[in-house]
4 protein chains.
Amino acid sequence: MNKREFGDCFNEECALIGVWNHQEAANLAYLGLYSQQHRGQEGAGIVSYNDDNCKLYIHKGIGLVSEVFDDFDFQRLPGRNAIGHVRYSTAGDCRLAEVQPFQAEISNGRMALAQNGNLINNAELRSGLIKEGAIFTSTSDTESILHLIARKAQKNPPVKAVIEALPSIKGAYSLLILFNDRLIAARDPNGLRPLVLGEINGSYVLASETCAFDLIGATFVRDIEPGEIVEISGSKDIASHFPFGKSKGTPCIFEYVYFSRPDSTWNGKNVYQARKKMGHELAKESPIEADIVVPVPDSGVAAAIGFSEESGIPFEMGLIRNHYVGRTFIEPQQSIRDFGVKIKHNANKQILNGKRVVVVDDSIVRGTTTKKLIKMFRAAGAKEIHVRITAPPTKGSCFYGIDTPTQEQLIAHQMSVEEIKEYIDADSLAYLSIDGLYRAVNSEKGSMCDACFTKNYPIGVPSSCTVE
Amino acid sequence: MNKREFGDCFNEECALIGVWNHQEAANLAYLGLYSQQHRGQEGAGIVSYNDDNCKLYIHKGIGLVSEVFDDFDFQRLPGRNAIGHVRYSTAGDCRLAEVQPFQAEISNGRMALAQNGNLINNAELRSGLIKEGAIFTSTSDTESILHLIARKAQKNPPVKAVIEALPSIKGAYSLLILFNDRLIAARDPNGLRPLVLGEINGSYVLASETCAFDLIGATFVRDIEPGEIVEISGSKDIASHFPFGKSKGTPCIFEYVYFSRPDSTWNGKNVYQARKKMGHELAKESPIEADIVVPVPDSGVAAAIGFSEESGIPFEMGLIRNHYVGRTFIEPQQSIRDFGVKIKHNANKQILNGKRVVVVDDSIVRGTTTKKLIKMFRAAGAKEIHVRITAPPTKGSCFYGIDTPTQEQLIAHQMSVEEIKEYIDADSLAYLSIDGLYRAVNSEKGSMCDACFTKNYPIGVPSSCTVE
Amino acid sequence: MNKREFGDCFNEECALIGVWNHQEAANLAYLGLYSQQHRGQEGAGIVSYNDDNCKLYIHKGIGLVSEVFDDFDFQRLPGRNAIGHVRYSTAGDCRLAEVQPFQAEISNGRMALAQNGNLINNAELRSGLIKEGAIFTSTSDTESILHLIARKAQKNPPVKAVIEALPSIKGAYSLLILFNDRLIAARDPNGLRPLVLGEINGSYVLASETCAFDLIGATFVRDIEPGEIVEISGSKDIASHFPFGKSKGTPCIFEYVYFSRPDSTWNGKNVYQARKKMGHELAKESPIEADIVVPVPDSGVAAAIGFSEESGIPFEMGLIRNHYVGRTFIEPQQSIRDFGVKIKHNANKQILNGKRVVVVDDSIVRGTTTKKLIKMFRAAGAKEIHVRITAPPTKGSCFYGIDTPTQEQLIAHQMSVEEIKEYIDADSLAYLSIDGLYRAVNSEKGSMCDACFTKNYPIGVPSSCTVE
Amino acid sequence: MNKREFGDCFNEECALIGVWNHQEAANLAYLGLYSQQHRGQEGAGIVSYNDDNCKLYIHKGIGLVSEVFDDFDFQRLPGRNAIGHVRYSTAGDCRLAEVQPFQAEISNGRMALAQNGNLINNAELRSGLIKEGAIFTSTSDTESILHLIARKAQKNPPVKAVIEALPSIKGAYSLLILFNDRLIAARDPNGLRPLVLGEINGSYVLASETCAFDLIGATFVRDIEPGEIVEISGSKDIASHFPFGKSKGTPCIFEYVYFSRPDSTWNGKNVYQARKKMGHELAKESPIEADIVVPVPDSGVAAAIGFSEESGIPFEMGLIRNHYVGRTFIEPQQSIRDFGVKIKHNANKQILNGKRVVVVDDSIVRGTTTKKLIKMFRAAGAKEIHVRITAPPTKGSCFYGIDTPTQEQLIAHQMSVEEIKEYIDADSLAYLSIDGLYRAVNSEKGSMCDACFTKNYPIGVPSSCTVE
């Protein structure tokens with residue numbers, strides 16, 4: 001899956017980090033963002049709270065975590081509590097005003113808020129708030145949540161304010177909210193986006209993925225549950241609230257397919273192992289005679305290993321990824337053929353030449369990138385190219401926090417599998433079935449959000465959007 | 001192999017790019033450096049020559065190619081001819097004055113020079129030149145070469161000046177030299193460092209590795225031969241000179257083991273295939289009963305695949321590499337255990353837990369990184385850890401352009417294999433034999449420079465250095 | 001008067017610029033800020049409005065106008081309408097969030113707001129707004145005004161919203177408010193801070209000082225009157241509203257003494273001429289026998305010329321100002337005596353040696369700078385030093401937009417003139433009387449705000465502040 | 001005199017600073033450059049020498065001292081000895097390679113060199129050196145001096161090397177040369193450019209102007225004499241050499257007219273006083289009936305005071321200078337009339353309206369700036385404009401270190417005084433006579449270099465230049 005292909009911006013992709021009561025709170029938050037950089041490369045920010053003077057400190061910027069915090073002196077983010085955020089947005093205009101965490105002065109002090117997700121009733125919330133006199137300085141739906149909680153916080157203590165505010169919010173959200181005296185973590189009732197709790201030296205940490213815990217040496221405690229509001233205060237007091245009742249929710253299955261890092265474990269399953277199993281299932285469902293199995297790195301690697309194991313066809317890194325790719329390129333004017341693809345990947349001719357190749361990738365979104373990759377494979381001498389996708393066709397846009405283009409731009413919405421095969425010029429093309437995907441993640445069919453494949457949107461879509 | 005471990009600076013690691021007679025010369029040079037970024041991440045520069053006004057243009061900087069040329073307007077590097085350079089140096093003080101290409105006004109115009117390699121008689125050359133009145137503004141041995149050629153160029157046409165200057169230079173060098181009216185490429189008589197010739201739209205390009213040609217859409221023509229001086233002029237005139245006679249030389253075998261990109265082909269062999277074969281040979285020489293084969297990414301991947309194929313033990317990506325690692329980190333003060341290793345790699349517990357693991361890496365240099373990795377594997381629950389190294393023990397420092405520490409700091413110089421095994425806390429440790437390595441690269445034993453393993457230095461060492 | 005001496009932050013000093021219906025609106029705004037740079041050196045911002053897509057564009061930064069807009073491409077601020085702001089604040093923490101103009105999405109589109117002044121009931125406004133659910137992202141009182149107008153704009157057209165909002169605001173304010181279809185300029189009923197209207201090529205411009213018009217080639221039309229709300233719309237429609245009725249107000253007399261640029265004309269009087277007249281009055285009131293009259297540049301120059309004319313004592317530039325002073329210095333550790341003063345001014349020994357010197361300055365705030373200057377004069381050989389201040393003793397803090405320290409820190413609040421003379425080590429010290437000052441600005445006594453000298457605060461002080 | 005008017009680059013204008021044996025050498029050097037910023041705003045550099053490790057440290061950059069050393073940590077320039085340099089050049093391409101000090105490794109260690117001046121035989125020196133094999137990496141004539149001294153230093157101790165090298169150098173030069181064990185200061189036999197010696201806490205300092213000593217609290221000791229080579233070593237040993245013999249030389253008279261800061265004292269005369277005296281002489285030579293005397297600030301201020309004193313016509317600051325002018329402006333496209341002049345100066349209409357004005361400036365170079373200023377004065381309502389220039393007509397280009405355009409571009413080379421008066425549209429125009437100028441600086445006619453007025457070039461001009 002190639003993000004850069006997307007032209008539209010429905011969604012912001014993000015990661016969260018929270019640290020409570022640790023003497024190096026902001027520094028740990030920074031490292032936690034570092035290890036979750038794959039979830040958002042266009043902006044990063046950390047807010048810390050300092051008990052000594054009751055002040056919030058903030059540092060934000062456009063770019064990678066390493067750029068935003070280049071040579072940063074963490075004494076400028078003092079205090080034992082901190083939350084942080086990285087974000088990705090395809091919107092051309094990446095403005096500092098959009099970078100989270102957001103913060104505000106409210107009646108009982110200051111609060112800071114960071115969100116991973118996407119609301120589906122934001123238009124209504126925003127216009128309602130504006131009618132009540134609220135002003136908005138960004139385009140982010142997170143600002144609506146900030147307003148709603150701030151309003152409830154006039155007359156309520158923090159956790160009550162959050163509990164009272166959340167029912168008006170529809171959508172996918174994992175939240176970290178830092179108040180003077182407590183850190184609140186919340187996950188929407190469907191638990192669409194991940195949020196995990198860990199522990200380090202007797203202090204609590206929260207993150208979107210467990211890989212953040214590994215870097216800072218924290219221990220995984222448990223997932224925050226769907227609809228759960230966790231309240232951390234004092235030195236290590238923790239309380240749990242379920243204002244929406246308890247349920248298993250419908251966590252996002254696409255986190256396994258593409259978005260999470262392979263070394264993360266979520267919802268009880270390891271991402272790498274889930275992907276390998278997708279490869280196994282795919283090889284069972286759509287076997288093919290071939291000489292080598294080649295992944296589109298990095299997301300296709302685990303599945304390709306699984307496919308290789310199941311099929312007995314040798315696994316080869318026939319496509320090399322350039323890991324030094326920055327955010328901008330200066331392209332030659334007399335354009336090099338398929339330049340955009342080449343800057344990220346290079347086909348190893350010596351491996352591919354004369355071979356029948358199984359190419360394993362996680363998705364075909366618009367189809368243009370896959371088409372170019374196949375062209376590159378053919379130019380490298382591949383004799384046959386059999387594309388195997390580790391998930392069903394992507395037919396529905398995500399409205400819950402994964403950045404996908406509009407339905408019209410999704411090739412699987414416009415074409416049949418056979419037509420896509422023709423378009424991308426593959427010798428064969430097969431997708432993993434929805435049943436196979438659920439087998440791979442070892443879950444009951446329908447127990448997760450699979451709307452991008454089935455168009456079954458568990459909490460509906462924004463009123464302005466129609467889904468055929 | 002983990003470069004950051006090295007504390008000493010013997011050598012500069014580099015890549016070269018040259019473009020002759022192309023309307024987007026500097027832009028192609030930039031892309032060529034981009035794809036060779038792995039050969040040097042601490043500085044980059046391009047010099048272009050504009051026929052219209054007989055001027056050299058230069059842009060250099062500290063950092064990655066994407067940083068040095070961030071938002072760069074290539075109209076500031078006009079002209080149809082260009083050379084470029086990236087470099088890596090462990091010297092703490094990375095100064096702009098050290099960044100190549102170097103340029104000078106000489107008697108018959110201007111020249112620019114970029115080098116990949118390392119001279120062994122630089123101390124003598126430098127002091128000799130200084131005695132003759134030369135001044136040095138950098139610490140680089142490339143400046144000595146610049147002086148020598150400039151002196152010869154007083155009375156000789158460019159190629160003659162180069163031919164007359166080179167005999168006084170001892171060491172490993174691949175050179176690109178841009179004059180007003182010609183581009184000269186030279187490789188030392190032993191051909192220690194690579195240099196390849198390609199073609200794009202009827203224009204010549206030169207690079208350290210063929211992967212540069214793939215990105216810009218150029219076709220590989222041939223290796224520049226050991227001791228060859230190639231002179232390109234006019235629109236596409238090319239002439240070849242062999243002032244030292246013809247020979248096969250002793251190209252660096254370590255380019256296959258670690259340094260080159262796997263999709264590059266050099267000296268007739270593909271790097272990825274060579275590495276895979278090292279894995280095969282290693283599995284034959286040092287078989288072991290285990291559950292999984294895990295590479296230290298990225299350099300160990302191909303060899304681990306080979307090891308897995310030969311041994312039948314499943315290949316797993318049990319170690320995940322963080323690709324967003326920048327050049328600096330802000331470490332927490334109460335230091336996280338083995339932080340330096342963790343920021344680059346994370347062990348996937350779910351994969352390793354309870355397993356007997358074969359870990360495949362290309363080298364053990366000082367031993368500290370390997371020791372930390374094994375600790376991380378054990379913490380992740382690995383039951384047994386069998387380290388397999390795809391080359392013989394690194395016993396000798398390189399004086400020919402690969403950055404290795406002093407002999408004293410090389411663990412294999414200080415300890416036996418058994419002692420190293422104890423030190424790094426592995427359950428078993430085996431290195432590929434020198435014979436196995438030559439089999440893997442399909443070359444006659446001794447036909448390449450293998451001094452880092454054998455201490456057979458084909459052209460000697462600097463007079464100030466002693467090798468036991 | 002030396003701003004850098006101040007340790008406290010009551011006030012923000014600012015300048016405004018507005019341009020309506022000009023094809024280079026943002027570029028003119030930039031130049032207008034440039035010429036008003038003396039009113040605020042720590043942050044600058046411009047908001048433009050583009051009719052074609054109904055969007056606000058914004059560019060802000062910390063630093064001088066030349067730094068914030070260094071190499072700026074004004075196509076990034078498109079549209080025919082723009083407002084801009086520069087600010088100065090002594091608050092140590094100069095945050096981007098504080099830099100104006102502020103902007104918001106409100107019910108009928110977007111609005112942007114910039115203010116010069118200071119509210120005295122901001123604490124009450126802010127807490128009231130927060131109680132009603134408003135959130136604050138800066139510490140600026142301008143954010144309160146933004147909220148108030150936004151609330152009124154729910155049900156009212158822009159100018160009505162402003163008219164309804166202003167009565168709740170107490171304090172000194174000159175405002176520029178940019179809506180989709182109109183630009184509104186407002187001055188508080190007392191007209192404490194300046195705001196002038198000009199015209200350029202048939203388009204209206206607004207600024208804090210007339211010197212902005214001179215640079216861009218605009219013609220001065222008139223002062224915005226105290227309590228006037230001017231509404232500009234269409235191509236050049238202009239309407240005037242006086243919701244508070246008409247009055248002469250009490251404009252700030254200190255603009256003449258120190259703050260305005262000498263080439264500005266305000267309230268019908270030229271600042272340079274007013275200052276010269278202060279020098280005349282001072283020489284009449286407190287004559288002295290001396291050899292030379294030396295101004296503390298730049299604010300003391302005009303008055304020193306006046307003093308010289310009246311007294312017949314020669315005028316000399318005995319103190320040279322270093323105009324390259326940046327915002328930070330790296331001071332030597334073994335501190336140079338009176339370093340802070342020396343970096344800004346140097347005494348010309350050849351001029352001062354052996355002389356009886358009249359030193360003319362506009363104010364003595366804390367006294368420390370004057371004390372150091374006198375020490376420097378004495379070290380340069382001055383025989384006698386007679387300090388003449390072009391205004392009465394500064395006894396009251398300003399709460400209306402001029403940055404002064406707390407009353408306790410004002411030397412004239414703590415000491416008598418005689419005691420101050422001793423403290424600064426002058427041979428004589430005299431201040432201009434309040435009557436003399438009014439004569440100099442040719443106004444009836446009490447017709448302007450002179451609270452810094454008299455403690456007669458025409459609109460009171462913030463409830464949290466007491467004035468003895 | 002308006003530098004920005006110049007389109008050609010003959011010369012580099014510069015300032016030097018040197019500190020020997022002071023624990024904060026680099027920090028003092030920085031401050032010394034700060035106070036000499038008016039001599040060069042386009043680049044700055046400092047080299048320090050650290051005895052402990054025998055290393056040179058260097059920091060250079062493009063821009064103002066405050067920009068180049070913004071947030072600089074002076075521990076990066078350790079050592080007790082340092083030299084520094086600021087430069088100005090009109091060459092469009094301001095490259096880092098041109099910024100001094102230059103440094104080199106030579107036979108007996110390292111040396112660093114900074115120059116203020118301009119060689120007239122550089123073309124010959126450079127081509128000669130290149131023929132001998134020297135390479136040049138900048139376009140600066142200082143690099144030639146570096147080569148010459150380096151060559152002599154092969155067989156000679158430092159001071160001998162300098163003494164042997166200087167005879168081949170023709171031109172204006174003040175030099176600071178830092179060797180491992182000594183600091184050498186040299187002034188050309190004609191002493192064209194200034195160089196002064198001072199003392200601070202028992203350590204020696206050297207600077208171009210005495211104002212540098214005032215800032216750092218150093219005491220002026222004496223001028224370095226024309227043709228003198230001063231050698232400072234040990235803790236405070238000082239030796240003086242006169243290889244060319246002793247003479248009074250021909251110091252540059254234009255330093256008094258325009259270039260030096262008014263608070264500097266040089267060649268025994270204070271610059272401010274010299275300028276005032278020029279005003280007196282001018283009023284005597286070319287009296288006029290008028291209402292006010294207005295200087296073009298800052299260089300015309302002292303002379304205007306003198307003119308006012310002599311003539312009895314009141315002095316007024318009718319032209320206000322904008323001190324926040326940065327290095328670049330973004331000009332509006334539909335260009336504002338006389339924009340370039342307005343950004344620097346604004347005419348105060350209230351002062352000028354209806355007046356007969358004497359405008360005092362130091363020079364008319366090309367005439368365009370003066371023409372625009374007069375237009376601005378007339379637009380401000382001035383009734384008559386009488387231009388008085390404090391020096392004779394500038395008829396000759398400077399080849400000795402002051403940046404003037406080619407002779408052809410000098411209006412006084414092309415036109416008579418009467419014609420210039422018509423061109424600039426003045427009511428009268430008068431220049432100070434050469435005799436008057438010498439009277440003002442209290443020197444015997446011809447005892448200083450006055451070539452810009454008389455075309456008597458005391459050491460000739462570059463061979464490639466002809467002077468009519």
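Predicted model: local features only at pLDDT ≥ 70, side-chain atom pairs only at ≥ 80, totals over all residues.
Visitor: How do you know that chain A and chain B are in contact?

Guide: Two residues are in contact if their C-beta atoms lie within 7 Å. The contact between these chains takes 52 residues from chain A and 52 residues from chain B. The two chains are therefore said to touch, by the 7 Å limit.

Visitor: Which helices supply at least two residues of the side of chain A that touches chain B?

Guide: They are H1 (25-35), H6 (211-216), H8 (271-285), H9 (301-311), H10 (339-344) and H11 (349-352) of chain A. The largest share, five residues, comes from H1(A). By class, this side of chain A has 25 nonpolar, 17 polar and 10 charged residues.

Visitor: How many residues of chain D are in contact with chain C?

Guide: Here 52 residues of chain D are in contact with 52 residues of chain C. On the side of chain D that touches chain C, two or more residues come from each of H1 (25-35), H6 (211-216), H8 (271-285), H9 (301-311), H10 (339-344) and H11 (349-352) of chain D. H1(D) gives the most, with five residues. The residues of this side divide into 25 nonpolar, 17 polar and 10 charged.

Visitor: What makes chain C and chain D related as by a two-fold rotation axis?

Guide: Chain D is superposed on chain C by a rotation of 180 degrees, with 0.0 Å of shift along the axis and an RMSD of 0.1 Å. The two copies are therefore related as by a two-fold rotation axis. Of the residues of chain D, D:His323 comes closest to that axis, with its C-alpha at 3.2 Å. The same surface serves both copies, for 100% of the contact residues of chain D recur in chain C.

Visitor: What rotation superposes chain A on chain B?

Guide: A rotation of 180 degrees does, with 0.0 Å of shift along its axis and an RMSD of 0.1 Å. In chain A, A:His323 is the residue that comes closest to the rotation axis, at 3.2 Å for its C-alpha. Again the same surface serves both copies, and 100% of the contact residues of chain A recur in chain B.

Visitor: How far apart are the nearest C-alpha atoms of chain B and chain C?

Guide: They are 13 Å apart, and chain B and chain C do not touch. Chain A and chain D do not touch either, their nearest C-alpha atoms being 13 Å apart.

Visitor: Into which domains is chain A divided?

Guide: Chain A has domain 1 (3-249) and domain 2 (273-454). The C-alpha centres of these two domains of chain A lie 33 Å apart.

Visitor: Why are S16 (292-295) and S21 (428-431) of chain A called edge strands?

Guide: Four strands of chain A form an open sheet in the order S16-S19-S20-S21, with parallel pairing. Strands S16 and S21 of chain A each pair on one side only, and are the edge strands. Neighbouring strands of this sheet are turned by 20 degrees against each other on average, direction ignored.

Visitor: How do you know that S19 (residues 356-361) and S20 (residues 384-389) of chain A pair?

Guide: Two strands pair if there are at least two bridges between them. S19 and S20 of chain A have six bridges, in the parallel sense. One bridge joins A:Val359 to its partner A:Val387 in S20(A). Helix H12 (residues 368-379) of chain A lies across S19 and S20 of chain A, at about 150 degrees to S20(A).

Visitor: Is B:Asn267 buried or exposed?

Guide: A residue is buried if 20 or more other C-beta atoms lie within 10 Å of its own. B:Asn267 has 24 C-beta neighbours inside 10 Å, so it counts as buried. This residue sits in the loop between S14 (265-266) and S15 (269-270) of chain B. B:Asn267 has a positive phi of about 55 degrees, although it is not a glycine.

Visitor: Why does B:Asp425 count as partly exposed?

Guide: Buried needs 20 or more neighbours, exposed needs 12 or fewer, and partly exposed is in between. B:Asp425 has 14 C-beta neighbours inside 10 Å, and therefore counts as partly exposed. B:Asp425 is in the loop between H14 (417-424) and S21 (428-431) of chain B.

Technical notes
Residues numbered from 1 in each chain as written. Chains lettered and ligands numbered in written order. Nonpolar A, V, L, I, M, F, W, Y, C, P; charged D, E, K, R; others polar. Least-squares fit on C-alpha atoms with pLDDT ≥ 70 in both. Domains from an automatic or database assignment. Axes fitted to C-alpha atoms, helices over the stretch in contact; angles between N-to-C directions.
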